[in-house]
Amino acid sequence: MVTTVSKVTSLADLRAMRDQYLRQQQDTRYRLLLCAGAGCVSSGCQAVRAALLKALDDAGVRDEVIVHETGCIGSCDMGPTLVVQPDGTFYTQLTPADMARIVQQHLRQGEVVEPLCYFDRERKARVTALPEIEYFKRQVRLVTARCGSIPYASLDAYIATDGYAALAKVLGACSREAVIDEVKRSGLRG
């Protein structure tokens, strides 16, 4: 997905890029976020990705789905992992053989493949939605807020989640003195 804006000179340009990216995302039924962090790469996520793309083609649903490779979701011991959006279903410890089942049962029939979802050892139960996993519920992500939720190599996706909006504000609407005052008030160091 590439936007048509070639040069960003204003906040309006960023907004146009964001809007175009979001429109492209809305034209799909599912967004599949495949972790491509180091842990998942070492666990075979590239083979899982290839099998996923083949299963999507075989089922004839490739045009209904966007497959994104993301940075680490934060569950390296469970890889390869896949999050299905918009419902947030979290599949773990995937193999290439699992992809046809996920495509057929989840994407075509709308039924979560529970045996492939996260297993909570304390509750001794499957938890299908990423936001419902205790490990993630206790986290407040600041710097890594987008990690695992957007394609790691997409500037358009970053802009669509308001990346660079603060920079655009600083460059377009603030004086030097206002920027210095803001940094001093923030307490940033280093």
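Helix H3, which covers residues 45-59 and so has 15 residues, reaches 21 Å from its first C-alpha to its last, close to the 21 Å expected at 1.5 Å a residue, where the expected span is 1.5 Å times one less than the number of residues. Helices (H or I, at least four residues) and strands (E, at least two) are DSSP runs, numbered from the N terminus. The model is predicted, and local features need pLDDT of at least 70, side-chain atom pairs count only at pLDDT 80 or more, and totals for chains, interfaces and linings use all residues. Residues are numbered from 1 along each chain as its sequence is written, and side-chain values use heavy atoms, with hydrogens and water left out.

Just after H3, glycine 60 adopts a positive phi of about 70°.

Threonine 81 lies in the loop between E2 and E3 and is buried, with a relative accessible area of 0%. When its neighbours within four places in sequence are left aside, threonine 81 is in contact (heavy atoms within 4.5 Å) with residues including Leu33, Leu34, Cys35, Cys40, Phe90 and Tyr91.

Over the protein chain, which has 8 helices and 6 strands, buried residues make up 39% of the 190 residues. Among contacts between residues at least 6 apart in sequence, 59% join residues at least 24 apart.

Key
Buried means under 20% relative accessible area, exposed over 50%, partly exposed in between (1.4 Å probe, protein chains only).
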